[in-house]
Amino acid sequence: LCLLCKVKNIIFLFQTQLERHENSLLRQENDKLRVENMAIRDAMRNPICTNCGGPAIIGDISLEEQHLRIENARLKDELDRVCALAGKFLGRPISTLATSIAPPLPNSSLELGVGSNGFGALSTVATTLPLGPDFGGGMSNALVPPSRPTTAVTGLDRSVERSMFLELALAAMDELVKMAQTDEPLWIRSLEGGREILNQDEYLRTFTPCIAMKSNGFVTEASRESGMVIINSLALVETLMDSNRWSEMFPCMIARTSTTDVISSGVGGTRNGALQLMHAELQVLSPLVPVREVNFLRFCKQHAEGVWAVVDVSIDTIRETSGAPSFVNCRRLPSGCVVQDMPNGYSKVTWVEHAEYEESQVHQLYHPLLRSGMAFGAQRWVATLQRQCECLAILMSSSVPTRDHTGITASGRRSMLKLAQRMTDNFCAGVCASTVHKWNKLNVGNVDEDVRVMTRKSVDDPGEPPGIVLSAATSVWLPVSPQRLFDFLRDERLRSEWDILSNGGPMQEMAHIAKGQDHGNCVSLLRASAMNANQSSMLILQETCIDAAGSLVVYAPVDIPAMHVVMNGGDSAYVALLPSGFAIVPDGPGSRGPTSNGQLNGNGGGGGGAQRVGGSLLTVAFQILVNSLPTAKLTVESVETVNNLISCTVQKIKAALQCES
């Protein structure tokens, strides 16, 4: 038994030594494998091609990853291009990906992110790339990894479009500044009126076209005007870059406007570098001139301390936007203004207007006016800006003009002016058939050829009487100066000579609010005398305005109790009115008016040496409630009545001014 135990012990010790030896071998093998594994990992981090000695990629690449790598290479090229453009945009060099962005996270790829309201910021970290403008309306301005290959393609398309817009804006700004600063031979003074005419040959030699050449049937109009305006450059720039404030500053010129996309809101909280897409309906107050619908870029840049420039340029050649008309009747070449602060609080504004338009849609009566640039041109923009800024300065002043009615409180003045502004806006919308109201044009055989009749329904609008509203407007030429015609139509003492609402007698001015230094810029409340004891007196609200480009007389009958509320500072939004009135502009150089020897000046010439008789283009427009039921049908008698009213009014004006022939 003892011998057997000894044998077992010997065998156990042998097995133990054998296991220890095997474990030692396994440890050595494990250490060897660990070293080899570490070497492989190091080699995988920095692979080297055995053929060329350069970096090598281990393993197969998926098709999706190949697409992403190709797309990233394209995006990097696009990024370099956008950075170069942004450097020109801001006037300083912009860093590229190589020097500005943080390394990408593992397993991620870079693309040029583009927000819906900007052409994208260019960095994975918002503060690493000093691009300047704020490029997003709450969208991320970062380079982000794509979720799908198609995301990068979409971003590339949008970034290309944005960069095209930026290139167009920069070229347009350069052209505007040069056109504003250069005199002869680019601009030549005309012999008639001393206005500036663009030398087209010199223009084509000097500038490379920003947009494609004009279409067949399009003609060019160009004008330049300078003036002093009682507003500082910053306030004017803010007004121009805000679509609502822009339309309020030029209410008779802009029927409707909107900002469709903000590409850049500017640098450092200012408007420097602001770039946006806009849509506008521009108008001349006549049914014989179609509304101009334009889609354009507006770009603002500060050139020096107190010196700004704002330029517009059409984008129809780049793309058709969703709000674009089916047929483009006007293209806006680089146009806008250069504004320089003056020491006295004024600004010197140099305005340039340059456009191409379809002339066949314009009545021949207005051809000279449009060709001269006086209808949509720089003179009209500057004159309107001067008049509006003067009005704002008077309203903000604590002193009341001596001509004003002292019985009206400050709140009453504001309420009356707000009501008058609404009246004038509705008058303009009724003349030009803009999209502000849904007008339906009528083709009635017994209406004069140059009279446009439209109708619309007024429903749930406290500022208008409910029912069917009929609008009729026409334009005529009169051999009378614009100033004489304006003075005649605005004079309440002469109103009975043309207005059937005056009851055949003179009217009395009950209230007067001045809107400018010129006595013709004002809002008045007129009262017609009752013809007999059974007839009640009537109030008429009237606004008149005049500047170097034209004049306006707009009026509407108003309810007496409602006007008492307004004059005491009450809400004017509930005063129901329908406006009528007149718009007056010069007939333009070379118009079709007769010469002093009685011959027609159809070609704009001198008529055998005779001097042309200067005249005016008068637009007469009425809005009348023909039925108080919105569901009622329009009758032929109602249309004939309004047509006769226009014809009778025009004939009375001609007779009073002794120009019936």
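1. Start with E221. In this predicted model, E221 sits in strand β3 (residues 218-229), and with a relative accessibility of 5% it counts as buried. The cut-off for buried is under 20% relative accessible area, so E221 qualifies. Its side chain has a polar partner: there is a polar contact with the side chain of R292 at 2.8 Å. If you set aside neighbours within four places in sequence, the residues in contact with E221 are R292, E353, H354, A355, Y357, L370, R371 and F376.

2. E356 pairs with R331, and the closest N and O atoms are 2.7 Å apart. E356 belongs to strand β10 (residues 347-358) and R331 to strand β8 (residues 330-332), so this pair ties together parts that lie 25 residues apart in sequence. Are these two residues buried or exposed? Both E356 and R331 are buried.

3. For the whole model, the salt-bridge count comes to 19.

4. Helix α11 (residues 482-490) holds a local example. The side chains of R490 and D487 form a salt bridge at 3.5 Å, N to O. Why are they about one helical turn apart? Because R490 and D487 are 3 residues apart in α11. On accessibility, R490 is partly exposed at 25%, and D487 is partly exposed as well, with a relative accessible area of 31%.

5. Helix packing now. Two packed helices are described by the angle between their axes and the distance between the axes. For helix α10 (residues 410-432) and helix α12 (residues 560-567), the angle is about 125° and the axes are 7 Å apart. The two helices are therefore oblique to each other. Which residues meet? From α10 come G412, S415, M416 and L419, and from α12 come M563, V566 and M567. By class, that contact has 5 nonpolar residues, 2 polar ones and no charged ones.

6. A word on helix α6 (residues 233-241), where S233, L236, V237, T239, L240 and M241 are buried. What caps its N-terminal end? That is N232, with a side-chain oxygen lying 3.2 Å from the backbone nitrogen of L234.

7. Last, T649, which has its place in helix α13 (residues 636-656). T649 counts as buried, at 3% relative accessibility. Not counting residues up to four places away in sequence, T649 touches W498, F582, V620 and F622.

Terms used: Residues numbered from 1 in each chain as written. Predicted model: local features only at pLDDT ≥ 70, side-chain atom pairs only at ≥ 80, totals over all residues. Heavy atoms only, no water. Axes fitted to C-alpha atoms, helices over the stretch in contact; angles between N-to-C directions. Helix = DSSP H or I, 4+ residues; strand = E, 2+ residues; numbered from the N terminus. Parallel < 35°, antiparallel > 145°, perpendicular 65-115°, else oblique. Contact = heavy atoms within 4.5 Å. Nonpolar A, V, L, I, M, F, W, Y, C, P; charged D, E, K, R; others polar. Buried < 20%, exposed > 50% of the residue type's maximum accessible area, 1.4 Å probe, protein only. Polar contact = N/O pair within 3.5 Å; in protein donor to acceptor, adjacent residues only side chain to side chain. Salt bridge = Lys/Arg side-chain N within 4 Å of Asp/Glu carboxyl O.
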